[in-house]
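Let's take a walk through this protein together, from the overall fold down to single residues. Keep the structure open beside you as you read.

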Amino acid sequence: MRFPSALALPLLLLPSTSLAIVPKPQRWQTGNNTLTLSSNFELSFSTDQPVPASLKAAAGRTVVSIQRTSHRRLTPGLGEEDRAALSSASQLEGIDIQIHTNSSEVLSLEDEVALPLEEREESYELFIPAEGGRGKLVAKSSLGVVWGLRSFEQLWYYLPGKDGEEWGTRYLLDAPVEIDDDSTFPYRGVMLDTSRNYYEVESLEKLIDSLSFVKLNFFHWHITDQHSWPFVVPSLPELSEKGAYAPWMIYSPEDVAHLQSYAAERGVTLLVEIDLPGHTASVAESHPELVVCADARPWANFAAEPPAGQLKLDDPAVEDFIAKLLDDVLPRLKSTYFGTGGDELNAACYNLTAAELSPPVQRFQSHLQPLLAAHDKRPLVWHELATEYGYTLPDGALVQVWGTPDIVGEVLEKQPKGVSVVHSSSDFFYLDCGAGGWLGNASQLNSWCDPYKSWQRIYSFDPYANVSSTDRARIAGGEAALWSEQADAQNFEALIWPRAAALAELFWTHPFVEERTAEADGTLYRMHDVRYRLVQRGITAAPLQPLWCAVRPGKCNLAD
């Protein structure tokens, strides 16, 4: 449905320093009235179908978040300029939520985030009347409701009480507000590596909260690697008992189940990756018989970084091990997608040439992929598997391309039409780049992927570079990646935020570069706004500029 417009103009992409939603909605329009939040504000569902409990809980969290916000508008007076309008402002009493599905029931968030990408529905429409009273949020799915609530949440600002007043005021500007929104790409994510350094479950919860806040819908959990195996597998307990850094640096089945539910309740899919057959030196701690060239020296001859070690190829014991591993893990994961890696295999580790490596890799994958299919899982793999070994991936597979745009074209050319690409270019989306070298005895080295990837660099990415018009539908979306050689729970939030918000807007709103460059000052203002909102929510997001610049859009531009 469409809301009757309160304004005569059609929905437009209009510049504003008050409507600062990230990601920017596809279509919206505003007026010039100020509304305050009623002390009795409520979100209510008006639908004939039962509302899933997880969706009701999401609405409840939104109300609490708005009622607690202390975020002030980024003006030279930090919103004090708005105070005069508050005394005569009408109140917004509530939002009526309607869900119009094509099925007989409203699916729960847990069910919707488990769906394959092509079956997801994320659109919503939001209307807030000029005179206050009750607004309306209409969606076709539980995910649409959640994303509509995220936009609604970012409309609100706070001014503290004045002259002895005990309570402050939550308010929004520019009512009526009308938003008609949907995602451009169905996959928008962040990958975090928890093998190189350990992250507590509470830190991962905060990451999930912040992903949801900007409509990033995939938490790609790179849970194991060559450095440690913190993932507790009940049928193979020795993996974490000997492969984790410490007995408390683990993720139990209960932890994984909790984070999976926690993410789903916020519209986020938990996608677990176990990289195979490379990046598996940690398996040698408990099963040295399964790993070749374990901690071989000099390590640079056998691995991208220490320690070296890869699962053996053409080995029945390895095949039995993987079958046992996946038969344990996959039934407990609800996502359609599971990461199997496939990157950075070192031929010298196997005492093979690069040309000789392809046949055993093909045989390894021919054993691995049916194990996923048996559990109704689709693989997410790194691009090497799609380009270097002559292996044909199954329809529905996702290929994460961390290389240059020409590799995207190669993937699309070599793989079937049913295989899609997730952009993760290290030149744009690797968040660990630019921190300097981390190897000992090499003080002059920079990081391999220098320089630091600014939010502007991320925002400048062209998802359709080297992609024909007929293949554009095969671009599933994009993902920022944080590898943890120099990151852990103490600094990872500042490395991710607010830069990941630029990726969120790129893949939610703007597929075309020219659309993104038309309003540079407005975009920077919104990035500032979302950064300060994240900080107010307890996220240690890095600043983009001095506050003086943040409250004066355009005053710190180079040309000035």
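**The overall fold**

The protein chain has 18 helices and 16 strands; these are DSSP runs numbered from the N terminus, with helices (H or I) of at least four residues and strands (E) of at least two. Its radius of gyration is 24 Å, close to the 24 Å that the globule rule gives for 560 residues, so the chain is as compact as a globular protein of that length. Here the radius is taken over C-alpha atoms, and the rule is 2.2 Å times the number of residues to the power 0.38.

This is a predicted model, in which local features need pLDDT of at least 70 and side-chain atom pairs count only at pLDDT 80 or more, while totals for chains, interfaces and linings use all residues. Residues are numbered from 1 along each chain as its sequence is written, and side-chain values use heavy atoms, leaving out hydrogens and water.

The predictor's confidence in each residue, pLDDT, runs from 0 to 100. Its mean over the protein chain is 94, and 96% of the residues reach 70 or more. Strand E8 (residues 218–222) has the highest mean, at 99, and helix H16 (residues 513–516) the lowest, at 80. Over residues 1–16, pLDDT stays under 50.

Of the 560 residues in the protein chain, 60% are buried, where buried means under 20% relative accessible area, exposed over 50% and partly exposed in between (1.4 Å probe, protein chains only). A contact means heavy atoms within 4.5 Å. Among contacts with a separation of 6 or more, 77% join residues 24 or more positions apart.

Start with helix H1 (residues 53–68). Its 16 residues should span 22 Å at 1.5 Å a residue, and its end C-alpha atoms are 23 Å apart, which agrees; the expected span is 1.5 Å times one less than the number of residues. The buried residues of H1 include Ser54, Leu55, Ala58, Ala59, Thr62, Val63 and Ile66. An α-helix has 3.6 residues a turn, so residues three or four places apart point the same way. Packed against the buried residues of H1 are strands E1 (27–45), E2 (90–99) and E6 (169–181), along with helices H3 (109–112) and H4 (142–153).

Now move to helix H8 (residues 316–329). At its start, a side-chain oxygen of Asp315 comes within 2.8 Å of the backbone nitrogen of Ala317. Among the buried residues of H8 are Phe321, Ile322, Ala323 and Leu326, and the cover over its buried residues includes helix H9 (354–374). Leu371 lies in H9 and, not counting residues up to four places away in sequence, touches Ile322, Ala323, Leu326 and Leu330. Leu371 counts as buried, at 15% relative accessibility.

**Some local details**

Glu505 counts as buried, at 0% relative accessibility. The bond from Leu276 to Pro277 is also cis, with omega near -5 degrees.

Most residues other than glycine have a negative phi, and most peptide bonds are trans. Cys293 has a positive phi, near 55 degrees, and is buried, with a relative accessible area of 15%. Asn441 has a positive phi too, near 60 degrees, but counts as exposed at 86% relative accessibility.

Definitions and conventions. A polar contact is a pair of N or O atoms within 3.5 Å; within protein, one must be able to donate a hydrogen and the other to accept it, and residues adjacent in sequence count only if both atoms are side-chain atoms.
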